[in-house]
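This report goes through the chain contacts and some backbone details of a multi-chain model. The sequence and structure come first.

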Amino acid sequence: MAFHRITFNVNGELEQADVPSNMTLLKMLRENLALTGTKNGCAEGECGACTVLMNGEPVNSCLVLAVECDGAEIVTVEGLAHDERLDAVQQTIIDAGGVQCGFCTPGILISARALLDRNPQPSEEDIRIALVGNLCRCTGYVRIIQGVQEAARI
Amino acid sequence: MVMEETNTKVPSPIGENKIRLDAREKVTGAALFADDIQFGSGLLHARVKRSPHPHARIISIDTSKAKALPGVKAVVTGEDYPGYIGLYLLDRHIFCRDKVRYVGDPVAGVAAKSEQIAEKALQLIEVEYEVLEPVLDPEAGVSPEAPLLHPNLEEYEVANFIFPEPGTNISNHFKIRKGDVESVWDECEALVERKYHIPHIQHVPIEPHVAIAKVDETGEVTLWGSSQSPFAQRNLIAKCLGISQSDMRVIAPYVGGGFGSKAGVSMEALAVVIASQVKGRPVKLLLTREEEFYTAFVRQGLVAYFKMGCDADGRLLAMENKFFWDAGAYTEYGVNITRASGYSSSGPYEVPNVKTDSYCVYTNHPVGGPMRGFGMPEMHAGLEQCIDELARDIDMDPVEFRRINCLKTGSVLVTGSKMHPIGLTQCLEKAADAIGWGSKAPPSAPNKKRGKGIALMWKAPAMPPNAGSSAWVELAEDGTLTVGVGGQDIGQGAFTVAAQMAAAALGVPYEWVRIATPVDTLYSPYEWQTVASRLTWSMGNAVVNAAKDARRQILDLVAEAWEEDPQNLDIVNGIVVSYKSEREMPLKDIAIYGLPKPDDQGWLGGPVRGRGNFMPSYITGLDPETGQGERAVVHYTTGAQAVELEVDLDTGRVEILRGVSAFDVGRAINPELVEAQMEGGFVQGMSSALFESMQLKDGVMQNPSFVDYRIATSTDVPLDLENIIVEVPQDDGPWGARGVGEHSMVPTIPAIANAIYDAVGIRMEGPPFTAEKIYLAMLDAGIVK
Amino acid sequence: MSIDAHPGLPEFDYIKPTTLKEASDFLIAHAGEARPLMGGTDIFVRMRSGGWNDKYLVDVKCLEGMNDISYDPHKGLSIGAAVNMNRVIASREVQDNYALLLQAASSVASYQLRTRATIVGNICNASPAGDTIGACILLGGVLHVHGNGGIRQEPIKTFFKGPGETLLRTGDIVTSIHFPVPEEGARGVYIKLGRNKASDLSIVGVTVFGYPDVNVPSGYRIRLALASVAPLPLVVDQVEAILTETSIDEDRLMLAAEAAMHACTPIDDVRASARYRKVMTRNLSFNALKVVWKDLKKL
């Protein structure tokens, strides 16, 4: 199986890697770069725990090949906070009580951040639809939705 | 949120909405889960060869080709591991030896340098089976003609409160014989007889099961896993392998959702056994989502028969219940669900005559295990619909009917014991009030029908009588506190609540408290398991005792140094104060180095470490023939849920518009976290009511992925969820607290079912109440054309 | 998915040609063991399940023209094969002129999946459940295909041979999809019934598209396509006939909806029974026809 040398940007850092054809972006992040905030929940694009930003848009990193990221800009949950300061939606989801087990949280935060970037004033329905690809089994979503609403308000 | 006014004063931060301790690391991605731990390039990857048959005899297993594959480091079968494993009934081998009993039963395991090599090795393992007739229905399973799944049932080691019937597929038969049901049927003004079928569902934590095991040259085992039960895993795996519990260490980082599926032992022993063949190398077994669906614990199926009757005044006179639990291939854990549903089989009602037979039946279905509610959601699903029907049959309002019959302080329970102080009536009234019971708003569109429903619940922690907890607290140089616990934070907020309790009991600010994580059986204090909604109460008591112990050490020391009576001393906000001399001293000046003696010649005290434990001492057995006894359980948490919904007449789709939860939690240590449990439980209950079932066909799950096992998403939930906390304190709970983690999904199915009936007048044999099922039922009933 | 689904993707080689010709030539040279890769949302799932075992995935996303989306008020809309659904949904021209396509695309899975999913991919999978296929057929979509013999055009209406089977041949690469300018006053709707409120595959999907037409007795030409109730995406021609013959009222719409119900041939599967799908085809067809008819009457 062929290996490919790729160059890409993760959370503002330039990285280079030699990746096999069948390596997913998720696997590369978790295993090569030890960015384990991005989670593996189903490996088929259904649960959203592996959601990251690729060139500013959320993708299921389990369904993207590492080699396809050559030249891309990736942001993971580890890249949301800056200089110890949490991103607004990280703080509002904490304040709203939208964190329980925390396994879906990274993917939810990425989807929420992407939503707020493309639509700074989302309606409740916009938020629900933006998060439909992020399954959560603990919270019942209500406090997560409220957290995103609050992030849009501030 | 609506909070009950309480007069008792509680110390800070009890009753305060502290932000959960783990929130920041969870939003930054820093929180470590088991699969996140980096083991470097020495890590081996395990995969498991599994049975394609629901029931078969293993004729032979040939692993020679797999062993010869380059990169393969170990191939394991059941041959070398004859031990049995299980929590209440030891009926399971780690790898199958003679027979396979469900699709997915582990037959062989491989460790290799990569997952891909391990997978190739699996394909090279040849297994010859003789296919046997399966048992696929619990009622058929109890018949004498049914194939026997565990012929040596009588040889299995079993807890003394579980009653298997050797020579049958019944691994536990729990009975209630209270009063005489036969004599009162004739006196009943109304009788309801119903059958319900509750399908298998699964927990589906978003984090799949994962275990990493390493066995060193001396045989000492280390297991890292996503675990609700590190100590139970230490005990059960050590016992099965015949090693000392001290040689088995379990390290349990954060759990990405448990709901019961990560309690006891499920797949963890597989990793240990495989690792034992490659000493010194860590071996990781990570279930795919598909394996998770096929092979992790499931919520057992249930076929339930109810017969109940009341008099003209609406007083319940008798109940006769028969439960056939479709408990799966191994019932090591499930046997106690059968028992719990038996001793709770009256529902939260005082009923003078009760006859119950609850059967745990072996079938060739996936292995039943504990799931949030532990049998109660399944049982209440039918029972609370029958209660509604009975009320309607005598033209009584279902809320009024429940008010008359529901348990009150001092009521005689189905097991003969007396109910402790509870606020169930308050829960009922507040839930009914909040949902606007008795009023009906018009539907939002002409093709919709609107309805309201309500249901009550009760549930006790189901566990051995002597399940224990322990804790320690240790002060650092600056007076801050580290609390050691063996219970796990699986999202419910157990660590936060433990920290609040330790802060309150010792007298330091909440911000000074850390929890020693991850839970590690080598360093953490013993905890039976993170199950049964027992941590706030049981582990909480241990934490309080440990904090009190530390407090006593500090106050005795200061009293001696200051030559005062410890009765006059207190710790407030991290400062020791004397109410007599008005002296003050911060803990940081005391915690590690002690204090000089009063005459300044030498020192007193030393590093402060408080220890505490808790174990209920008052639990008695139940008579095996009648199910009667003095005190079968530690306590019951009770509550009510009410919903308002609409049914779409064009499609049958249900939309939940509003939900109300009201639970008597004794005392809310952190009301915000209590509410979060009520809300999350409501939605999980709603998801099980509307969407979820494992579609089993000839023992094979037809929908083993999120594509076809649907759970509630962000678009399916109502934002209008009201959570009502009722507080009638528990006599032996910390500040009166009881657990509420599981209870919030117990009454959801029947509350929704009752609301659907209210809306369109139909009842179904069981959930999920999918759009299809509702529409076709309406079609058959002539409600739609 | 079977119990033996792989934890990761099986081995294959990732090929990234620089021209369409190079890509076609590679696919032909490795017939039977190579596949063009677009968003991968379907391919990776099938490879992980063991269903597909290609030796090569040929990434055609970055080839010339594949990422372009353009609209011309005379010629219509052209969407490059690699343009993801979110871009289609966000396109001003699509919002203004092809609302039906936008609505159908918006119903597919989740936002993050749609960052990778494409309209052309949805069509080429040839799943009877494909949400955008009905809209593409009724809007008169035509695929541009680069193959061995150069560029050719394939109307979507006649593109499907069976579930998962299309007219594409080895070496073919769909480069774009084209839609004519919709008729004056055209209106459409997609109604999808899934198990959840959103994100699910369809149990039944109904697409209706209509426009005023003075040449027919009813004054309107209204067409209907169905998803998930036949082996192929199904256009029910009787609906068009019923709704052109004579003036339209609710009874007439119900007659058309019943024709849709009789035309479909659903099966029982894990998502729903054939019986439910049949009646839902009628009910949702009626609702969808009513929406479009009412919209048209407002003109």
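Which side chain of chain C meets B:Asp708 in a salt bridge? In this predicted model, the partner is C:Arg271, with an N to O distance of 2.7 Å. The interface of chain C and chain B holds 6 salt bridges by the rule applied. Helix H11 of chain C, residues 274-297, gives the most to the side of chain C that touches chain B, namely 8 residues. Sorted by class, that side of chain C has 15 nonpolar, 9 polar and 8 charged residues.

The contact involves 38 residues of chain B and 32 residues of chain C. On the chain C side, the residues that lose the most area to chain B are C:Ile3, C:Asn196 and C:Lys197, which together make up 24% of what that side buries. Between chain C and chain B, about 2,800 Å² is buried, and carbon and sulfur atoms give 47% of this area. Residue pairs in polar contact between the two chains, both at pLDDT 80 or more, number 23.

Chain B also touches chain A. Here 47 residues of chain A are in contact with 58 residues of chain B. The area buried between chain B and chain A is about 4,100 Å², with 55% of it on carbon and sulfur atoms. B:Val27, B:Ile206 and B:Leu719 are the residues of chain B that lose the most area to chain A, together 18% of what that side buries.

The rule finds 8 salt bridges across the interface of chain B and chain A. In one of them, B:Asp35 pairs with A:Arg30, and the closest N and O atoms are 3.1 Å apart. Elements of chain B that give two or more residues to the side touching chain A are the helices H1 (23-28), H3 (115-124), H8 (289-295) and H15 (671-690), together with strand S32 (721-726). Of these, H15(B) gives the most, with 9 residues. By class, this side of chain B has 24 nonpolar, 18 polar and 16 charged residues.

Chain A itself has 5 helices and 5 strands, and their order along the sequence is β-β-α-β-β-β-α-α-α-α. Its radius of gyration is 15 Å, which agrees with the value near 15 Å for a compact globule of 154 residues. Along the principal axes, the C-alpha atoms of chain A fill a box of roughly 45 × 30 × 25 Å. Of the 154 residues in chain A, 68% are buried. Among its contacts between residues at least 6 apart in sequence, 51% join residues at least 24 apart.

| Site | Feature | Angle |
|---|---|---|
| B:Ser12 to B:Pro13 | cis peptide bond | omega about 0 degrees |
| B:Thr517 to B:Pro518 | cis peptide bond | omega near -5 degrees |
| A:Asn11 | positive phi, not a glycine | phi about 50 degrees |
| B:Val204 | positive phi, not a glycine | phi about 40 degrees |

In chain B, B:Pro13 sits in the loop between strand S1 (2-3) and H1, and B:Pro518 in the loop between strand S20 (513-515) and strand S21 (519-520). A:Asn11 belongs to the loop between strand S1 (3-10) and strand S2 (13-20) of chain A, and is partly exposed, with a relative accessible area of 25%. B:Val204 lies in the loop between strand S9 (190-198) and strand S10 (210-215) of chain B. Its relative accessible area is 1%, so B:Val204 is buried.

How values were computed. Residues are numbered from 1 along each chain as its sequence is written. Chains are lettered from A and ligands numbered from 1 in the order in which they are written. This is a predicted model: local features need pLDDT of at least 70, side-chain atom pairs count only at pLDDT 80 or more; totals for chains, interfaces and linings use all residues. Side-chain values use heavy atoms; hydrogens and water are left out. Contact means heavy atoms within 4.5 Å. Buried area is the accessible area (1.4 Å probe) that two parts lose on being put together, summed over both. A salt bridge is a side-chain nitrogen of Lys or Arg within 4 Å of a carboxyl oxygen of Asp or Glu. A polar contact is a pair of N or O atoms within 3.5 Å; within protein, one must be able to donate a hydrogen and the other to accept it, and residues adjacent in sequence count only if both atoms are side-chain atoms. Helices (H or I, at least four residues) and strands (E, at least two) are DSSP runs, numbered from the N terminus. Ala, Val, Leu, Ile, Met, Phe, Trp, Tyr, Cys and Pro count as nonpolar, Asp, Glu, Lys and Arg as charged, and the others, Gly among them, as polar. The radius of gyration is taken over C-alpha atoms; the globule rule is 2.2 Å times the number of residues to the power 0.38. Buried means under 20% relative accessible area, exposed over 50%, partly exposed in between (1.4 Å probe, protein chains only).
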